[in-house]
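Dear colleague,

Please find below the structure that I am handing over to you. My notes on what was found in it follow directly after.

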Amino acid sequence: MGVVAYPLGLEIWLSLSNAAPGVDGDYVGLANYRYVLGQAVYLHTLENSFIYIFSSTILKAILGVAMALALGAAFRGRRLVYALCFLPFVFPGSVGTTAWYYLFSNVHGAFNYALQSVHLVQQPIAFLGSGPLPMASVVTVNVWHGTALFGVLCLAALRSIPGDLLDAAASDGASCASSCRSCGRHWCWPPSSRWSGTSATSRSSTC
Amino acid sequence: MATLAQRRRAPKSERPFTERAAGRWLRIYVPILLFILITLFPFYWMAITSIKSDQELLDHDQNPMFVIVPTLYHYHYLFFETHFLQWLTNTTIVAIVSTAISLFCSLLSGYALARLRFRGANSIGWGIFVTYLVPPTLLFLPLALLIRTFHLFNNLFALILTYPTFLIPFCTWLLIGYFKSIPRELEESALVDGADRIQAMVRIVMPLALPGILSAGMFAFTLSWNEFLYALIFMGDTQSKTIPVGVVQELIRGDDFFWGQLMAAALLGSIPVALLYSFFVEYFVAGMTAGAVKG
């Protein structure tokens with residue numbers, strides 16, 4: 001803990017002082033914070049971060065649950081499918097993102113080629129230009145990257161539901177969907193909601 | 001339970017076989033296939049790009065989804081004209097050593113927090129988890145100061161020592177959950193039979209916690225294999241870079257993207273982790289079941 005606590009403490013101190021490279025600063029209170037919060041750019045980036053985190057986390061949660069439900073049943077080749085579904089998550093974020101950058105590119109990108117070849121658009125779309133599209137693109141990449149972890153955690157949660165519970169539900173005439181709903185609510189929701197918090201705060205900020 | 005299960009299956013088998021098979025396809029295989037298609041499409045893109053010649057890459061009229069004359073030129077370039085092999089070695093060393101250190105520390109701390117009763121155990125557990133949530137973008141500046149003090153820039157030890165700052169909290173937290181799921185009685189009977197704490201931990205608890213330990217180790221390995229920010233800041237020399245940083249820094253020069261080499265490096269660099277997961281993914285899910293979900 002000391003390894004983390006010391007830098008964190010140093011950082012708090014630096015944020016409260018007017019230190020500059022080579023100069024030990026003096027305590028200046030919250031002046032730095034006041035300055036930063038007065039900047040329109042900062043507020044804008046803050047807003048962007050919130051949109052990014054919430055939309056990608058919600059999407060990851062929905063897709064992750066869907067993935068877990070699809071993978072929960074026993075079928076042939078399950079191990080291979082697990083490993084394949086998990087690939088994006090184990091893939092180095094920096095190079096994975098580069099590949100997506102290429103896909104989105106308006107010069108040689110595959111998406112633009114596909115859209116143009118079926119004549120949906122005349123001009124290449126700037127997926128990474130300005131407006132709402134770049135945010136959507138970034139969220140897509142993040143969702144691609146992080147859904148697998150969500151899926152595996154939901155899968156783990158699904159597996160921890162005792163089988164006889166589902167059997168009982170089935171023999172009482174519950175449909176697949178309703179047993180999913182009730183069991184999911186009690187068994188999967190607490191861990192997955194906790195995880196969504198984790199995913200939102202930590203992983204989104206790194207990739 | 002057996003009778004319940006039979007009763008549940010009974011009505012299904014009365015239905016005609018084809019209908020059942022179709023339902024199964026619709027419920028299981030179609031969603032899975034969709035998922036895999038979307039998930040794997042970027043990988044297909046990487047693979048196809050990595051074997052295209054530069055002419056094909058720059059040809060606007062050609063369909064970018066396919067390759068006409070495949071070539072291994074980019075792979076050749078990667079191995080003989082960049083430091084890719086050096087980066088691979090660096091990444092492997094850093095990932096293995098920092099995973100080993102973190103796993104050792106978190107085994108001890110996870111066991112202590114799960115089993116030993118002492119004051120403040122709960123709050124320390126929470127504190128450890130909260131430190132995992134502190135984003136590295138906030139921590140790298142102070143850590144860089146530390147690294148400078150120890151004169152570790154461009155040294156693999158800079159990464160080996162900083163990665164545990166985010167690996168240990170996570171592994172500890174995962175292992176606490178896992179240790180808690182193992183019945184206390186097992187160990188207590190070992191203690192009564194004359195084993196000391198360490199023996200009880202190593203001989204009784206660890207073998208039972210193997211899935212949890214494996215999945216913590218895999219997670220730590222993946223995180224340190226893919227880590228970008230610290231490696232970017234602490235490793236300036238081309239020689240001492242790791243794959244995620246080296247590839248992106250050396251194969252993108254200004255506006256010039258070496259797409260073929262980039263994609264080849266991306267594929268090669270992720271093979272070790274992909275192999276690891278394809279062998280142990282069942283353990284991983286099992287480890288998560290007790291560790292992350294009930295922790």
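Which side chain meets that of B:Lys241 in a salt bridge? The partner is B:Glu250, with an N to O distance of 3.0 Å. Please bear in mind throughout that this is a predicted model. B:Lys241 has a relative accessible area of 5% and is therefore classed as buried.

**Salt bridges**

Over all chains, the structure holds 3 salt bridges.

Through shared partners, the salt bridges join B:Arg115, B:Glu187 and B:Arg197 into one network.

B:Leu191 is placed in helix H10 (residues 184-192) of chain B. Its relative accessibility is 30%, so B:Leu191 counts as partly exposed. From C-alpha to C-alpha, B:Leu191 and B:Phe118 are 19 Å apart in space, and they are 73 residues apart in sequence.

B:Ile168 is found in helix H9 (residues 164-180) of chain B. With a relative accessible area of 22%, B:Ile168 is partly exposed. With residues up to four places away in sequence again not counted, B:Ile168 touches B:Ser102, B:Cys105 and B:Ser106. The C-alpha atoms of B:Ile168 and B:Asp256 are separated by 39 Å, and these two residues are 88 residues apart along the chain.

**The nonpolar core**

The largest nonpolar core has 112 residues. Those with the most contacts inside this core are A:Leu71, B:Phe179 and B:Val247. Helix H15 (residues 259-294) of chain B contributes the largest share of the core, namely 11 residues. Both domain 1 (4-74) and domain 2 (82-293) of chain B give residues to this core, so the core lies between them.

The surroundings of B:Val247 may be of interest in this context. Apart from its neighbours within four places in sequence, B:Val247 is in contact with A:Val95 from chain A. From chain B, its contacts are B:Phe84, B:Trp87, B:Thr242, B:Ile252, B:Leu262 and B:Ala265.

**The two domains of chain B**

The domain assignment of chain B gives domain 1 (4-74) and domain 2 (82-293). Taken over C-alpha atoms, the centres of domain 1 and domain 2 of chain B are separated by 32 Å. Domain 1 of chain B brings 8 residues to the contact, and domain 2 of chain B brings 7 residues. Between them, the two domains of chain B bury about 620 Å², with 81% of this area on carbon and sulfur atoms. B:Met46, B:Ser50 and B:His74 supply 61% of the area that domain 1 of chain B buries against domain 2 of chain B, more than any other three residues.

As for polar links, there are 0 salt bridges between domain 1 and domain 2 of chain B, and 1 residue pair is in polar contact between them. On the side of domain 1 of chain B that touches domain 2 of chain B, helix H2 (17-50) and helix H4 (73-81) of chain B each supply at least two residues. H2(B) gives the most to that side, with 5 residues.

**Chain A**

Chain A contains 9 helices and 0 strands. Of its 207 residues, 41% are buried. Among contacts in chain A with a separation of 6 or more, 54% are between residues 24 or more positions apart.

With kind regards

Definitions and conventions: Residues numbered from 1 in each chain as written. Chains lettered and ligands numbered in written order. Predicted model: local features only at pLDDT ≥ 70, side-chain atom pairs only at ≥ 80, totals over all residues. Heavy atoms only, no water. Core = buried A, V, L, I, M, F, W, Y, C linked by side-chain atoms within 4.5 Å. Buried < 20%, exposed > 50% of the residue type's maximum accessible area, 1.4 Å probe, protein only. Helix = DSSP H or I, 4+ residues; strand = E, 2+ residues; numbered from the N terminus. Domains from an automatic or database assignment. Contact = heavy atoms within 4.5 Å. Buried area = accessible area lost by both parts, 1.4 Å probe. Salt bridge = Lys/Arg side-chain N within 4 Å of Asp/Glu carboxyl O. Polar contact = N/O pair within 3.5 Å; in protein donor to acceptor, adjacent residues only side chain to side chain.
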